[in-house]
Structure formats: structure tokens, C-alpha cells
Amino acid sequence: QGLPDPKPDTRPRPQAMLPSNGPTRMEKHPMHAHRPSDPFAVEALEPRIVLDGTPLDPAHPVVEIDTNYGNIYIELYPDIAPVTVDNFLSYVERDDWDNSFFHRHVEDFVLQGGGWYWDDDRQSVDHVTQQDPIVNEFDVSNTKWTVAMAKLGGDPDSATSEWFINLGDNSENLDNQNGGFTVFGKVVGGRTVVNTIEALRVLNLGGSFTNVPVADAFDTDAT
């Protein structure tokens with residue numbers, strides 16, 4: 001299911017089946033998470049947006065994403081999507097998202113991360129190690145500022161590590177394709193930071209990186 005125009009594109013792509021104008025999920029994803037006493041810190045790897053993570057309070061799940069443009073705060077919904085929230089926090093608590101970055105920005109649609117990270121030792125991009133896919137828990141509409149899980153096309157129960165921020169009201173589209181995309185939280189702080197990242201250049205670097213937001217310092221000759 002999907003938006004009548006454009007229709008979802010289910011052709012094979014690198015590491016995933018990607019619906020047209022639908023969030024993607026790559027095979028693996030790393031995001032960093034600290035223990036509750038630490039911040040869900042998102043460090044910036046020039047020229048990419050790098051994420052690290054940790055819950056501020058396990059009893060009231062709010063995560064802080066510290067980017068090189070400022071902090072983004074996401075309130076989680078364990079009462080609505082308990083399996084999804086547990087899955088998200090498990091990546092945070094294992095530091096799986098350390099040095100990860102937003103790899104996909106589609107204007108007025110989504111800003112997506114959780115799938116890729118920068119390996120300092122190898123000086124290259126790599127996949128985050130995925131855990132088992134989780135059951136779809138669609139219940140809340142994909143309205144602006146909500147945060148939802150990405151998944152494989154044609155498989156509602158395939159979400160693992162990748163997630164996205166809805167940059168517009170995507171309810172007509174994302175609520176009605178692939179079983180609905182599970183919303184598990186909402187951006188409650190740092191929305192101007194998201195807007196700043198939205199304003200960055202978006203480059204097509206090929207393969208899985210056709211809509212990558214990059215900082216001004218990004219050297220296209222080095223890719």
C-alpha cells in the first residue's frame with residue numbers, strides 16, 4: 001500500500017527494498033547509547049551528522065541526540081509501542097549507534113538515521129549490527145515531528161535499527177502502506193536543530209546514499 005502517485009517502488013536496491021517516498025531500512029545500523037546517567041549523545045563527524053545515544057531517565061524515556069548543530073530530544077511511547085521502544089533503547093544501551101549519522105533526507109518527508117556509522121579505525125562507512133526484526137506496532141499516525149521505524153518493503157515486521165523523523169504530515173502515505181509505519185515517539189525539543197540539518201546540502205553518493213545531508217566542509221572529490 002502507499003500513495004497513489006508515486007506508487008511504492010519494490011525493486012531490489014542495495015541492502016533493502018525501498019518504497020518510493022517511503023523510509024528505507026538498510027541491513028545494519030549503529031547508534032550510540034549511554035547508560036541512564038549519561039546523555040543520549042550525538043557527536044558530529046564532519047562532514048556528516050553523527051549520532052550517539054542514551055536515555056536520560058529509563059522510567060520516563062526521553063532521549064537526547066547531541067549533534068554538531070545542537071541537541072534533539074525525543075520522547076518515547078512505551079505505552080503505545082512497547083516492543084519498539086524496548087528495541088530502540090536496546091540499541092542505545094549497547095552503544096550500537098556510536099558515530100552513526102543521518103543518511104537520508106527527503107525534503108518535507110523524512111530525516112532518517114540508525115543504519116550507518118563512521119568507523120574511525122577503517123576510515124570508512126559501515127553498517128550497524130542489527131538485532132532481530134520486531135513486530136509492527138502501528139497505532140499512531142505519522143504526523144509532523146513524530147518518530148517512526150523504517151522497515152523493508154512488503155514486510156511489516158522487519159524493522160530493526162533504522163528510524164526516521166517525519167518532517168511533514170505523512171499520515172496519508174505512511175499510515176496506509178506496509179501495515180503502517182510504527183510511530184514510537186516524537187521530537188519534543190530541538191526542532192530548530194532538525195530544521196538546520198534539513199537546510200544542509202543533500203548529495204547523491206550512489207548506492208544506499210542517494211539523499212545524504214552533508215556539511216559545507218564535505219569534500220565531494222574525496223568520495
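A: Happy to. Let's begin with a term: a residue is called buried when its relative accessible area is under 20%. Keep in mind that this is a predicted model. By that cut-off, 54% of the 223 residues of the chain count as buried.

Q: What is the chain built from, in helices and strands?
A: Three helices and 15 strands.

Q: How much of the contact pattern comes from residues 24 or more positions apart?
A: Take the contacts in the chain with a separation of 6 or more: 62% of them join residues 24 or more positions apart.

Q: Now the inside. Which residues of the largest nonpolar core touch the most other members?
A: The general idea comes before the case. In soluble globular proteins, nonpolar side chains tend to be buried together. Here the largest nonpolar core has 30 residues, and the ones touching the most other members are Ile72, Ile74, Leu76, Phe88, Trp163, Ile165 and Phe184. Among the elements that give two or more residues to this core are strand 5 (70-76), helix 1 (82-93), strand 12 and strand 13 (183-189). Helix 1 gives the most, with five residues. There's also a second, separate core of ten residues, which includes Tyr77, Val110, Leu174 and Phe181.

Q: Let's zoom in on Phe184. Is it buried or exposed?
A: Phe184 counts as buried because its relative accessibility is 0%. You'll find Phe184 in strand 13. Setting aside residues up to four places away in sequence, Phe184 touches a list that includes Leu76, Tyr77, Val85, Phe88, Met149 and Trp163.

Q: What does Leu76 touch, not counting residues up to four places away in sequence?
A: Pro61, Val63, Val85, Phe88, Leu89, Phe184 and Gly185.

Q: Why does Ile165 count as buried?
A: Ile165 is at 0% relative accessibility, so it counts as buried. Ile165 belongs to strand 12. Leaving aside neighbours within four places in sequence, its contacts are Phe109, Val110, Leu111, Trp145, Thr146, Val147, Val187 and Val194. Ile165 and Ile74 are 91 residues apart in sequence, yet their C-alpha atoms are 9.7 Å apart in space.

Q: How about a residue in a loop: where is Asn170 found?
A: Asn170 is in the loop between strand 12 (163-166) and helix 2 (171-174). Beyond its neighbours within four places in sequence, Asn170 is in contact with Asp108, Phe109, Val110, Asn142 and Asp175.

Q: Last one. How many cavities of 30 Å³ or more does a search of the whole structure find?
A: Again, the idea comes before the case. Rolling a probe the size of a water molecule over the atoms shows where empty space is left. In this structure the search turns up one cavity of 30 Å³ or more. The largest cavity has a volume of about 50 Å³. Thr84, Ile134, Val135, Asn136, Met149, Lys151, Pro156, Ala159 and Thr182 form its lining. By type, that lining is five nonpolar residues, three polar and one charged.

Technical notes. Residues are numbered from 1 along each chain as its sequence is written. This is a predicted model: local features need pLDDT of at least 70, side-chain atom pairs count only at pLDDT 80 or more; totals for chains, interfaces and linings use all residues. Side-chain values use heavy atoms; hydrogens and water are left out. Helices (H or I, at least four residues) and strands (E, at least two) are DSSP runs, numbered from the N terminus. Buried means under 20% relative accessible area, exposed over 50%, partly exposed in between (1.4 Å probe, protein chains only). Contact means heavy atoms within 4.5 Å. On a 1 Å grid over the protein atoms alone, a cavity is a set of points where a 1.4 Å probe fits but cannot get out, and a pocket is an open set with protein on both sides within 12 Å along at least five of seven lines; lining residues have an atom within 4 Å of a point. Grid points are joined across faces, edges and corners, and a volume is the space filled by probe spheres set on the points. Ala, Val, Leu, Ile, Met, Phe, Trp, Tyr, Cys and Pro count as nonpolar, Asp, Glu, Lys and Arg as charged, and the others, Gly among them, as polar. A nonpolar core is a set of buried Ala, Val, Leu, Ile, Met, Phe, Trp, Tyr and Cys residues joined through side-chain atoms within 4.5 Å.
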